[in-house]
Structure formats: C-alpha cells, structure tokens
Amino acid sequence: MSAPQEGGFEPATGDGPAAAPDASGDRAGEVRTAFDGLLQIRRLTRAGSAAPESAPAPWELHRPLRAVALALEAALIPPSTVDASGQRTSTGYRVSEGEAPGSVRVDWAGPPGSGAARDEEEALAGCAGVLQRLGWTVLSYRGPRRRRFLEVEPGPRTVLDRPAQ
C-alpha cells in the first residue's frame, strides 16, 4: 500500500513520473473522488443556474491548471510522463500555465519517435471536447515547428452573476 501524498491529491499534469502499477485501483478512485468533488463544488456554487455543472466554479478559476489536469485525467486521457532526468517516457497530454493570466496550455507530448506529433490533432481534439463540455473555452493554435496546442480559458458562462433585483 502506498503512503498518502503529503499535499493531498494532485492530478497528473504530464510532467511527472509514470504512476506505479496499482492493482488496487487507488489512483483511479482518487481521481473519481476528486472529480466528483469538483462537480459538487460546481453544483453548490452555481445552485441557481440552469446547468450548474456546465461552467467552472470559482475554485477552478483560482487553480485552472489543476482543474484542467483533473478534467483530462478523469476523462481517462493519458498524461505524458517523464523520468528522473526530465526525459519524456510516454505520450499523452501535458498541461502548463498559458500565456494569458488564468489560462492553461495543453500540449500532446511524447518521447522522440513516439508519433506524438502525428497523433496530436486527434488527441487534442479529444481533450478539447472534454474541456468544452465542462464549460471551458478552448482555442487551438500552431506553435513552433507547426506543433498544435490548446489554450484553455474559463468560458463565457463562468461569471457568477446575481439576478437583477
């Protein structure tokens, strides 16, 4: 049995080591619990909304990288991983701070020769679909060497307006 993480649950960002094989399903259970908690926060903070789960909650706006990583991991999209020297060891999503404040960048990363560049359009489209269903605005770009990436921001329904009185 693995020791609990000191800082609590942390979703995979794609810049960490590969998860140790876990026959007990602890990681999957932790991801499910954390994601269910995120949806519950949405329901509680947006209770008067017609679709309370359809837009990021204030908690997510303060921790967008963590919220986006959790959404992707909960959707069973694999994260990229790195070894102790920082070399990529597997192909998957990688989330990092975006260029604009409060935004997140999502790349499809993998080790050299893994085919990550070839697969990124389809893989990032899958990531975009997950995030859009959760109320995030997702913009697709091409960066250096024509590699695609997503820029993720809170969606237009995120503002928690109070009804006019």
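The pLDDT is the predictor's confidence in each residue, on a scale from 0 to 100. For this protein its mean is 87, and 87% of the residues reach 70 or more. The structure is a predicted model, in which local features need pLDDT of at least 70 and side-chain atom pairs count only at pLDDT 80 or more, while totals for chains, interfaces and linings use all residues. Residues are numbered from 1 along each chain as its sequence is written, and side-chain values use heavy atoms, with hydrogens and water left out.

| Stretch | pLDDT | Contacts in the model |
|---|---|---|
| Residues 1-6 | under 50 | two, beyond four places in sequence |
| Residues 159-165 | below 50 | four, beyond near neighbours in sequence |

The protein has four helices and six strands, taken as DSSP runs numbered from the N terminus (helices H or I, at least four residues; strands E, at least two). Their order along the sequence is α-α-α-β-β-β-β-α-β-β. Of the 165 residues, 38% are buried, that is, under 20% relative accessible area with a 1.4 Å probe and protein chains only.

Helix 3 (residues 64-74) and helix 4 (residues 116-133) have axes that come within 10 Å and cross at roughly 110°; axes are lines fitted to C-alpha atoms over the stretch in contact, and angles run from 0 to 180 degrees between N-to-C directions. The two helices are therefore roughly perpendicular to each other, a term covering angles of 65 to 115 degrees. Val-68, Ala-71 and Leu-72 of helix 3 meet Cys-127, Val-130 and Leu-131 of helix 4.

Technical notes: Contact means heavy atoms within 4.5 Å. Angles under 35 degrees count as roughly parallel, over 145 as roughly antiparallel, 65 to 115 as roughly perpendicular and the rest as oblique. Buried means under 20% relative accessible area, exposed over 50%, partly exposed in between (1.4 Å probe, protein chains only).
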